Amino acid sequence: MHLDGSMSDGDGGNGRGNVDIPAAWTRVKRRLRAELGEDVFASWFARLELEDVQGGVARLTVPTRFLKSWIESHYLDRVLTTFRAEADDVARIEVGVRGPSAPARPNAGSPAKTNPTSGPLTRLHATATPAALQGPGPLVETEIASPRGDSAAVDLNGAPLDARLTFANFVVGRSNALAHAAAERIARSDGDGALYNPLYVHAGVGLGKTHLLHAAGHAARESGRRVIYLTADRFMYGFVNALKTQNALAFKERLRAIDLLILDDVQFIQGKSIQTEFGHTLNALIDSGRQVVVASDRPPTELEALDERVRSRLAGGLVVEIGGLDEGLRASILSARLDAVRQSHPNFEVSPAVSAYVARAITANGRDLEGAVNRLLAHATLTGAPVTVETAETAIRDLVKNREPKRVKIEDIQKLVASRYNVSRSDILSERRTAAVVKPRQIAMYLSKVLTLRSLPEIGRRFGGRDHTTVLHAVRKIEKQIGEDAVLGDEVELLKRMLQD
């Protein structure tokens, strides 16, 4: 069976031989999204693509080895079952890695050359996940020989640190000053005992937490300390691979022998055994006086998918939030970025009026500021015309989206309602049926239906795995009560305004 839905000579058939395979695959992904939830689907299946179906075998591809390994280990049977429900000629699933392999590392003795100001923009703050750049110092990419003496080495390759992300070019403002001071203090300490252990930095997208992690890694290495920087997916892949190659002991010993462990995007660590190993590693490092720095998009108390003991350990150190960028900090970041661009484009000029407009109009994060500078640079170099406020408005129109009503998250609704009614978010998600909990739970469900695009089943999953009929009952009940009780109606309207402002 091919992607056009036709049958090959070798395809078996049992009454569904004329299935439109692309349409069937679309339905498969839709069902997986509905059954697993948006977060799990986005993490593991958003980049899963169907290559072809031949001889009863559906060949799927993903962009990384880690995704391939994780899907094969945890979701292969579910994918097959779901696929067979749409096209029962499919008897087996194969997952492969698509696209080009990672670029070869430089030969020994020929370190990679990087120019911090090459390209249109030097990364200065709140940048996207950096490309793998090798700085002047040694990378901690360690392979441990297998105890069996064969070539099955432990896969504990720390992600390379971006040479451009240092403390020197991190722009400090009121919202990130504490996180910056803590990270720098830890990185530049003499290593005689750990400080603020673990240091837990959380922030939204593009606010600078990854920049801080890389900067801390560089500074610690300069002082001679042993550093490993890992993303959550690297940690998970390394542990799974160590189990497969029977090198788990060597993996654990190597990870616990370092001076500083930096782990980014901890919210993506999944799997009971992997979380258990992460907890053991965390305890071993902290108890032995080694430093741990962790970053996430939310505080540890909200990492509901993470083991409770691990959450408690993470919360036991210094937890620092990097807040949103105020206009003064945005202006400073923008000025620094423009200065960096002028090093390679000396004729690129942006007037103070344009800079002020961009800093005022783009409010979300540093990545959008970077995008704005790149757009202005493209306009200036491609058209040869000066950059005016009018051209800037046109160039960054798609980035000025934050003046529209913000997108409300169910988690934000739950937290606000819980705070308003003096209960905890865990109470709202629990099975408790006392009046003090049921009312705010039903109001939160009602607001989730009114203010988000989530379906009733999805809302039910976000409220402790409840059935969609429970959500529907709550929505209808609150709608009825609002019509009968003006005080409750005013309360709900106030909550709506607080969530949308």
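Helix axes are taken here as lines fitted to C-alpha atoms over the stretch in contact, and angles between them run from 0 to 180 degrees between N-to-C directions. On this basis, in the predicted model, helix H15 (residues 410-420) packs with helix H20 (residues 486-500) at an angle of about 130°, the two axes being 11 Å apart. H15 is therefore oblique to H20, since an angle counts as roughly perpendicular from 65 to 115 degrees and as roughly antiparallel over 145. The crossing of these two helices is right-handed.

On the H15 side, the contact is made by Asp 412, Ile 413, Leu 416, Val 417 and Arg 420. H20 contributes Leu 494, Leu 495, Met 498 and Leu 499. Sorted by class, the residues in the contact of H15 with H20 comprise seven nonpolar and two charged residues, with no polar ones.

Leaving aside neighbours within four places in sequence, Met 498 is in contact with Leu 416 and Arg 420, both of which belong to the H15 side of the helix pair. Met 498 and Leu 416 are separated by 82 residues in sequence, while their C-alpha atoms are 8.6 Å apart in space. The relative accessible area of Met 498 is 37%. Met 498 is therefore partly exposed, because this class lies between the limits of 20% for buried and 50% for exposed residues.

Turning to the protein as a whole, the secondary structure comes to 20 helices and ten strands. Of the 501 residues in the protein, 49% are buried. Among contacts with a separation of 6 or more, 74% are accounted for by residues 24 or more positions apart.

The largest nonpolar core has 54 residues. Within this core, the residues with the most contacts are Trp 44, Phe 45, Tyr 75, Phe 83, Phe 235 and Ile 269. Helix H7 (residues 232-244) supplies the largest share of the core, namely seven residues. For Phe 45, the contacts beyond four places in sequence are with Lys 29, Leu 32, Leu 36, Val 40, Tyr 75 and Val 79. Of these partners, Tyr 75 is also listed among the core residues with the most contacts. Another core, of 53 residues, lies apart from the largest one and includes Ala 183, Leu 199, Val 227 and Val 358.

Key:
Residues are numbered from 1 along each chain as its sequence is written. This is a predicted model: local features need pLDDT of at least 70, side-chain atom pairs count only at pLDDT 80 or more; totals for chains, interfaces and linings use all residues. Side-chain values use heavy atoms; hydrogens and water are left out. A nonpolar core is a set of buried Ala, Val, Leu, Ile, Met, Phe, Trp, Tyr and Cys residues joined through side-chain atoms within 4.5 Å. Buried means under 20% relative accessible area, exposed over 50%, partly exposed in between (1.4 Å probe, protein chains only). Helices (H or I, at least four residues) and strands (E, at least two) are DSSP runs, numbered from the N terminus. Contact means heavy atoms within 4.5 Å. Angles under 35 degrees count as roughly parallel, over 145 as roughly antiparallel, 65 to 115 as roughly perpendicular and the rest as oblique. A crossing is left-handed if the near helix is turned anticlockwise from the far one by less than a right angle, and right-handed if clockwise. Ala, Val, Leu, Ile, Met, Phe, Trp, Tyr, Cys and Pro count as nonpolar, Asp, Glu, Lys and Arg as charged, and the others, Gly among them, as polar.
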